[in-house]
Amino acid sequence: MAARRRGAALRLCATVFLLDMAFSKGYVEDLDESFKENRKDDIWLVDFYAPWCGHCKKLEPIWNEVGLEMKSIGSPVKVGKMDATSYSSIASEFGVRGYPTIKLALIRPLPSQQMFEHVQKRHRVFFVYIGGESPLKEKYIDAASELIVYTYFFSASEEVVPEYVTLKEMPAVLVFKDETYFVYDGKLSFNSCTLY
């Protein structure tokens, strides 16, 4: 009789554990190529993994807990995971060189002038990086990771920027504030910019 109770208790514990794991997984989105477009409007915390990676497999239950916790505290940050071996071009774009790699996707692309105008109407202060890969972009990403709680960070092509903006050189970082703009000249640190 005791063995039967113990067996029932073990089955109940296993069921609760499996339900908890299934419930937690619901808060971590499996990302695919559509992530390139979907990331534009949200801040993402993404685990880039390889299916064969032992460390990635060990991280999975913890990552599911992260997704559940972010959802339960009402965080605007979405949690996702992406098979970096299947979507290597996206992983490369995020600088993934090993597995697992966790990245916070904070810089949102502005793909059109309409989107740029929309952002300008919604945000009093925001930064825009224009150009390709460069040391300035690396500094910009570092600044975004430190200052994301204070302002908004975007990237755009030169064609998307309004006509009244003049750029002497590329790449460039623009700071839009109070319906005007400033070109970051590298003399000040991003941290010294007044954001309010």
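Which residue takes a positive phi in the hairpin of β8 and β9? Asp178 does, with a phi near 50°, in a hairpin that has 2 residues between its strands. The model is predicted, with local features requiring pLDDT of at least 70 and side-chain atom pairs pLDDT 80 or more, while totals for chains, interfaces and linings use all residues. Residues are numbered from 1 along each chain as its sequence is written, and side-chain values use heavy atoms, without hydrogens and water.

Strands (E, at least two residues) and helices (H or I, at least four) are DSSP runs numbered from the N terminus; strands pair if DSSP finds at least two bridges between them. Strands β8 (residues 172-177) and β9 (residues 180-184) run antiparallel and are joined by 5 bridges. Phe176 stands opposite Tyr181 in β9.

An open sheet of 4 strands has the order β1-β3-β2-β4, with mixed pairing. β1 (29-30) and β4 (101-105) each have a single partner strand and stand at the edges, so one side of each lacks a neighbour in the sheet. Strands β2 (residues 43-49) and β3 (residues 77-83) run parallel, joined by 7 bridges, and Tyr49 stands opposite Asp83 in β3.

Helix α3 (residues 54-72) has 19 residues and reaches 28 Å from first to last C-alpha, close to the expected 27 Å (1.5 Å times one less than the number of residues). Buried residues (under 20% relative accessible area, 1.4 Å probe, protein chains only) of α3 include Cys56, Leu59 and Trp63. Just after α3, Gly74 takes a positive phi of about 75°.

Technical notes:
Buried < 20%, exposed > 50% of the residue type's maximum accessible area, 1.4 Å probe, protein only.
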